[in-house]
4 protein chains.
Amino acid sequence: MKYSFRNDYGEIGNPEIIKVLYDSAYEQTLGYGFDQYTQALEQKFRKITKENLNVYLVSAGTQTNMILIDKALRNYEAVIAVDTGHVNVHETGAIEGSGHKILTVKGVEGKLTPEEVLEVLAKHSDCHMVIPKLVYISNSTELGTVYRCEEIKALYRLCQEKGLYLYIDGARLAAALASTLADYTLVEIAKYSDAFYLGGTKNGVLYGEALLIKHEKLKEQFHYHLKNKGGMLAKSYVVAKMFLRLLEEDLYLNNARHANRCADILVAGLEQLKVTHLPHNHTNQIFLTLKNEEISLLNKDYDFEIWSPGEKESMIRLVTSWATDIAMCETLIGDLTKILHQKM
Amino acid sequence: MKYSFRNDYGEIGNPEIIKVLYDSAYEQTLGYGFDQYTQALEQKFRKITKENLNVYLVSAGTQTNMILIDKALRNYEAVIAVDTGHVNVHETGAIEGSGHKILTVKGVEGKLTPEEVLEVLAKHSDCHMVIPKLVYISNSTELGTVYRCEEIKALYRLCQEKGLYLYIDGARLAAALASTLADYTLVEIAKYSDAFYLGGTKNGVLYGEALLIKHEKLKEQFHYHLKNKGGMLAKSYVVAKMFLRLLEEDLYLNNARHANRCADILVAGLEQLKVTHLPHNHTNQIFLTLKNEEISLLNKDYDFEIWSPGEKESMIRLVTSWATDIAMCETLIGDLTKILHQKM
Amino acid sequence: MKYSFRNDYGEIGNPEIIKVLYDSAYEQTLGYGFDQYTQALEQKFRKITKENLNVYLVSAGTQTNMILIDKALRNYEAVIAVDTGHVNVHETGAIEGSGHKILTVKGVEGKLTPEEVLEVLAKHSDCHMVIPKLVYISNSTELGTVYRCEEIKALYRLCQEKGLYLYIDGARLAAALASTLADYTLVEIAKYSDAFYLGGTKNGVLYGEALLIKHEKLKEQFHYHLKNKGGMLAKSYVVAKMFLRLLEEDLYLNNARHANRCADILVAGLEQLKVTHLPHNHTNQIFLTLKNEEISLLNKDYDFEIWSPGEKESMIRLVTSWATDIAMCETLIGDLTKILHQKM
Amino acid sequence: MKYSFRNDYGEIGNPEIIKVLYDSAYEQTLGYGFDQYTQALEQKFRKITKENLNVYLVSAGTQTNMILIDKALRNYEAVIAVDTGHVNVHETGAIEGSGHKILTVKGVEGKLTPEEVLEVLAKHSDCHMVIPKLVYISNSTELGTVYRCEEIKALYRLCQEKGLYLYIDGARLAAALASTLADYTLVEIAKYSDAFYLGGTKNGVLYGEALLIKHEKLKEQFHYHLKNKGGMLAKSYVVAKMFLRLLEEDLYLNNARHANRCADILVAGLEQLKVTHLPHNHTNQIFLTLKNEEISLLNKDYDFEIWSPGEKESMIRLVTSWATDIAMCETLIGDLTKILHQKM
């Protein structure tokens, strides 16, 4: 069987987390997020960030983005995002499906700049065009890059000045926080955004994302909105218990550090082999370019995604996870070395 | 601490099911429902029912209803349901929120009749009114009652004749199948409907519902639709593994039989005490009426829902689950006996 | 050819109004409602009502209801209406199609009572149910009845107390204002509502309704919302010019008075003939019951709607308009007299 | 007062058309598009085009686009359009507001190419991305250009091959048909598209667009859909009567020819003055670039839109209409000559 570098949600879940559920299987708890575990989780996030965050536990990332954005916007209001943004490319139109246009800009290495936000605002001036109202960024981004603290701060300042919301898609927020390039923690993420989510699905949890809302207007009647959009979980407390474990002893950071470390090993190998790859910001996604026949050979033993297929060469994506076997990273580099030497 | 008869999703999950996940925590699997476990589950459902069902794993009941109904209907088409139906009362407008009117009728003991469907059809005759297109029933119903095989068959026949879909909300389908009144199995449920779901959340699974679609038109591009509505789970295979365990050795039926047996014990006690209650169809929901001061006394040691509050007396709901302690049912009846005798 | 009592939008338009357009056919005007005529109309409505109303000109009644309600409500918020309400029965699900549940009550002669509003509020108490947020009434109603000033005032007071919007569907508002039962004018309509519309389509205008918004929150970014819903008219000024004429010399009231007077003639005749009819509030809709063979005979020379068909007898609707020929009302009564005498 | 070259919907309407309404003001007709005039119009369009077109009369262009597109697509399906397309820029998110993503490409002079359609298709390959399903083009385009017959045919052939709909926004279709570059008539427009509309608002009609649907699947239950979206007009027959007059003696072409001729006069003048302008395809929109101080001077006597403002020079748009005074075109060129000579 092939070893998979396809994604970071391919392994069931960190056994430490599953054990918590197993050990309290018969315990009785209130439903729908009104339980003591969701409350404890909220308190914990508030204590960590010193911000008055509300927590809502949702089952999946696209759903989280869709529900938060639909709460923030009326149908004549729009999202600003880079064109590689998950909401723009990989959500099968979920944002538009719930009524909202996405205004896209090019971005720099997957990251949005304040200048681009200003350009979009300048173009939207009358009632025949949408009102840009929410800035969407992902951190780490869809290209594996990481925002610097100053960059997030600058976007947030601009949003506050212009009356926009700043929302951070944190499907891989732990990967960003665990990156050696991250000059911030959850404190700054909470401080410089109106809402964000800490992804569990890609961080060793069975399922679930923790949506954290700071802006008071976005909190209003959120439970009603969540239920209306199909996002309310009867057993919300199961996700709460998993996230409580994730925050304990920084398990979320440790899960991410492991994945990032595996990626660093892979990149070190690639660089020695002079394989072209996109900028590596020490997170768990690597985008590299190989000749198609090399990819076929590598694909015999390893599973991964062809990100951008070409006629002669293609870009593939390798993703490491909390569960990746470090030894397999080294084995892959060894195998790739052989493939490349054979071919040259 | 109080013992809870509040609902059947208040305990984390059957340890047998959690164990499956724990034991394969590091196993690598494909995402989004394209994995071997989802395939195996689909095969299993097809084998059991002899119908060409497609299976889609969704995280919650309201979401499942919303997504299936939105797939089946255009905005000018409507649902027919009894006014006590979950889609009508307890989904915070999720069906209307995704664009569809619900046409309600009174029903009989929570169940829809073919005559009522015909009445709705007769009233909707021109393009200034919606087109009734999908019949929604729950089994077991929101009042704990159970359809008989002939009743479902009659509704399905009528739907086929009139070009309507019949969709069965199976949040508590296992409770219905395990009822002594059920003269059918999953075979007939699949045979006499266009789509239904087998609820996991209320049957000992950590989370998740198995939506089963038979009608070919509803299957078309369903993965796209699921993603667009925020319902696609990256780790769909986790739910698949839990449902595979649920189907093994009829665990879903055994979970439900246990809950129903607990309810039978409670009802037997209530009848001896001559407490008024709604018709008991041997499922796990009991609706009984007590004086408000009796309710207060009972509420000291037991948690439950006040279903329909009144000035002097109120209707409360007791729900048993796969995890209910049989001894606690007997204790509750004992305590209620004392309360009633003191009061009289 | 048959003479039509089918509806009040069956004749093209009052020639006085068309003449205004003909006489200024080449005049150049700004588009989209930012012109001097829309401004003049707004000033005129403000002067008449002493309220700070904004005016928006929309092409049709269902569209007006849909757009105003969708501005007022989020998807988890709902409308309260009588079950005979136009939004509930005759808009092909437009309100639900734009995301909002309608909670219906029985009403009294087509009118909503404060008690019914309170009953709906009492039932909606947690986040699993929608939040009732807008009260919808029609005046005159779908049954031709008219609210009294105290009734509207009581509903408005209740709405203000409970944080609800009161919206009046005025498709036939002129008919209500012109009724001898109306103890109010546009002043009170504006004073005791958050928004209403004065219907043009049923009052001799070529097309168009004047939506008048008083509540500041509903006015916010309304032009954006209007455009987003497809309701903005490039030549909004054409409707403005027609409504300016309608307000001149009380043409809207005179149009309605004529229609109501025709209806009074018909009702007087029906009463002499002892024909059963719904309560007549001196507006332009009459609902009467005849034997089916009588209806067939009457239908030879007159066009009208069979409102509620029965096996032996049916209820039909006669509608008079600004253009109805008074002589034809008398002729109809004469013909009906013959039909009834022949049959008896 | 300034003379306006701001748009082609700034004058009330062709008196020939208004006269038709005036002369039949009291005539009685059936509502909602089920009348003899709508039927006659449909027959006329079928006779002209030899295609089995259905006609639906809608009040405005954005509404027409929104309603047709929402009929054609599910929420996970998308539109392909050039980024200057009206649906993308100037409809305040109406298409996304009703649930559909627009995938944009650059286009060539405002026109979409088959190569661009193929590129979009190639990028959309799995269920995490929308399904491109409808190709949207405008003719004449938002930049005043005109498709050649071969270009439309090539797009239609491609759409048929790939299972896409081709929809033509004809807000200014008459301008295209009247252009000296148009090597086709309504016959080819109908032949090489699945649906299109012939715009009335910009062609001298008081209001209204004639949506013409050829594809059988798009016709299904269209009246229900139209009503559900708020697009059904009670007095649809008023629009029908105006369009019947428009088709009589080729009034729609004559109206457009007049506008195009006025534009030709303006462009001839601009070229003599060596003023930079976008390619002129002999339709009624002209985009020219002037220094900002020149624009200010011209703006004293003429009203027009600043299309693309710059620091030193800006692009302005001049639009001519069915009602434009030819003499004023010559006067404008005279005045511009003086302005440019003064400045140089």
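This is a predicted model: local features need pLDDT of at least 70, side-chain atom pairs count only at pLDDT 80 or more; totals for chains, interfaces and linings use all residues.
Chain C holds an open sheet of 7 strands with mixed pairing, and the strands follow one another in the order 2-8-7-6-5-3-4. At the edges stand strand 2 (54–58) and strand 4 (102–105) of chain C, and because each has a single partner strand, one side of each is left without a neighbour in the sheet. From one strand to the next, the twist averages 25°.

Inside this order, strand 3 (residues 77–82) and strand 5 (residues 131–138) of chain C run parallel and are joined by 4 bridges. Within this pairing, Ile80(C) stands opposite Val135(C), a residue of strand 5 of chain C. Helix 7 (residues 149–162) of chain C packs on the sheet, where it touches strand 5 and strand 6 (165–169) of chain C, and the direction of helix 7 makes about 145° with that of strand 6.

## Helices 6 and 7 of chain C

Helix 7 of chain C also has helix 6 (residues 114–123) of chain C beside it, for the two axes come within 9 Å and cross at roughly 25°. An angle under 35 degrees counts as roughly parallel, and therefore helix 6 and helix 7 of chain C are described as roughly parallel to each other.

On the side of helix 6 of chain C, the contact is made by Pro114(C), Val117(C) and Leu121(C), which meet Ala154(C), Leu155(C), Leu158(C) and Lys162(C) of helix 7. By class, the residues of this contact divide into 6 nonpolar, no polar and 1 charged.

## Helices 2 and 12 of chain B

In chain B, helix 2 (residues 36–49) and helix 12 (residues 236–247) pack at an angle of about 35°, with their axes 8 Å apart, and their crossing is left-handed. The residues that meet include Leu41(B) and Lys44(B) in helix 2 of chain B, and Phe243(B) and Leu244(B) in helix 12 of chain B. The residues of this contact divide into 8 nonpolar, 2 polar and 2 charged.

## How chain C meets chain B

Between the two chains, 16 residues of chain C are in contact with 16 residues of chain B. The side of chain C that touches chain B has 6 nonpolar, 8 polar and 2 charged residues.

Conventions
Residues are numbered from 1 along each chain as its sequence is written. Chains are lettered from A and ligands numbered from 1 in the order in which they are written. Two residues are in contact if their C-beta atoms, placed from the backbone, lie within 7 Å. Ala, Val, Leu, Ile, Met, Phe, Trp, Tyr, Cys and Pro count as nonpolar, Asp, Glu, Lys and Arg as charged, and the others, Gly among them, as polar. Two strands pair if DSSP finds at least two bridges between them. Helices (H or I, at least four residues) and strands (E, at least two) are DSSP runs, numbered from the N terminus. Axes are lines fitted to C-alpha atoms, for helices over the stretch in contact, and angles run from 0 to 180 degrees between N-to-C directions. A crossing is left-handed if the near helix is turned anticlockwise from the far one by less than a right angle, and right-handed if clockwise. Angles under 35 degrees count as roughly parallel, over 145 as roughly antiparallel, 65 to 115 as roughly perpendicular and the rest as oblique.
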